[in-house]
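Notebook open, model loaded. I want to go through the side-chain contacts and write down what I find as I go.

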Amino acid sequence: MTDHGGTTRKPSYNDIAFDDHVRARQRAAGAGNRVDDRPNLDGPTGAGGPGGFAFEAVDAKLIREADVFFLSSVTGAGWPYVQHKGGPRGFVHVLDDRTLAFPDFPGNQQYVSAGNIDRDGRVCLFFVDFPTRRRLKVFGVARAVEADDDPDLIERMRDLGPRSDREIRATIERVIVVDVAAVDANCSKHIKPRWDRDAVEERIDLYRADIEKLRAEIDELTAEVERLNDELERRPMAPDN
């Protein structure tokens, strides 16, 4: 896009999401001013130059810790196509402050998302952190990097980050690299909190430890009661006066 000074800039979130029809809906609902007064949705001021973008730390953290997101691309017929993408935590990589990447694993061999990206790289990634009820919309332009074209990038995708001692061993057909244009982390309304099995087990383990501690204390008290009862039984009865 070109601003009033003739400088080429990346589109902002408002440029991408708010066309005339959307603006008309906002005005009709009385939301126009509230939308216009929202804070900068495209990263810190000045990041990356005019209209530039840079991930906020909280957004990068959410992306790195995601084990699932939804990828929307555009079909040749002009329809939106949404695909579920999942993997171990850390499978989505923030390569720098405006680029992310993720491995593309073998699937049902329809290759709809990959083919869409080859023709039109415009995508939207939708992340949800269910425990904190936080969601993040990421707009960008994607490209597919095939395994034979950049083996080093493929190997980089296997690393799940410093908090994990595991790596991805599954076949990676290609890497999808996304040049991010804008993000929006909007309200948590209507997001129902959910926890995965690992998080639930971690919380249950805390209670299990407390239960085992209480059981040990009960066993000690029971043994002490039995000892005192034995002592009482061995004591001679005092004569009646």
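**Entry: a pair on one helix**

I started with Glu224, which forms a salt bridge with Arg227; the closest N and O atoms are 2.5 Å apart. This is a predicted model, so I keep that in mind for every value below. Both residues sit in helix α7, three residues apart, about one turn of the helix. Glu224 has 34% relative accessibility, so I put it down as partly exposed. Arg227 is partly exposed too, because its relative accessible area is 37%.

While on salt bridges, I noted a network: bridges that share partners join Lys85, Asp104, Glu146, Glu173 and Arg174.

I picked out Arg134 and Asp59, whose closest N and O atoms are 2.6 Å apart in a salt bridge. Is Asp59 buried or exposed? At 5% relative accessibility it falls under the 20% cut-off, so Asp59 counts as buried. Arg134, at 22%, is over that cut-off and therefore counts as partly exposed.

Next I checked Arg98, whose side chain meets that of Asp97 in a salt bridge at 3.1 Å, N to O. Arg98 comes out as partly exposed, with a relative accessible area of 24%. Asp97 is at 36% relative accessibility, so I list it as partly exposed as well.

**Entry: aromatic rings**

I searched for ring pairs and found that the structure holds five aromatic pairs. I wrote down two of them, Tyr13 with Phe139 and Phe69 with Phe102.

Tyr13 and Phe139 form a tilted pair, 5.7 Å centre to centre with 55° between the planes.

Phe69 and Phe102 form an edge-to-face pair, at 5.0 Å centre to centre and 70° between the planes.

I stayed with Phe102. Its relative accessible area is 0%, so I have it down as buried. I also took a C-alpha distance: Phe102 and Gly90, twelve residues apart along the chain, are separated by 9.3 Å.

Which residues touch the most other members of the largest nonpolar core? Out of its 34 residues, they are Phe55, Leu100, Phe102, Leu125, Phe127 and Val178. The elements giving two or more residues to this core are α4, β1, β4, β5 (122-129), β6, α6 (151-158) and β7. The largest share, six residues, comes from β7. A reminder to myself: in soluble globular proteins, nonpolar side chains tend to be buried together.

**Entry: the β1 and β2 hairpin**

I traced how β1 meets strand β2 (residues 80-86). Seven bridges join the two, and they run antiparallel. Phe70 stands opposite His84 in β2. The hairpin has five residues between the strands, and Gly78 takes a positive phi there, near 85°.

**Entry: a surface patch**

Last, I looked at the outside. Trp195, Val200 and Ile204 form a nonpolar patch on the surface, with about 280 Å² of accessible area together. I located Trp195 in the loop between β7 (174-184) and α7 (197-234).

Conventions
Residues numbered from 1 in each chain as written. Predicted model: local features only at pLDDT ≥ 70, side-chain atom pairs only at ≥ 80, totals over all residues. Heavy atoms only, no water. Patch = residues over 30% accessible without salt bridge, like charges linked within 9 Å, V, L, I, M, F, W, Y side chains within 5 Å. Areas by Shrake-Rupley, 256 points an atom, 1.4 Å probe, with all protein chains shown as cover. Salt bridge = Lys/Arg side-chain N within 4 Å of Asp/Glu carboxyl O. Helix = DSSP H or I, 4+ residues; strand = E, 2+ residues; numbered from the N terminus. Phe/Tyr/Trp six-rings, centres within 6.5 Å; stacked < 30°, edge-to-face > 60°. Buried < 20%, exposed > 50% of the residue type's maximum accessible area, 1.4 Å probe, protein only. Pairing = 2+ DSSP bridges. Core = buried A, V, L, I, M, F, W, Y, C linked by side-chain atoms within 4.5 Å.
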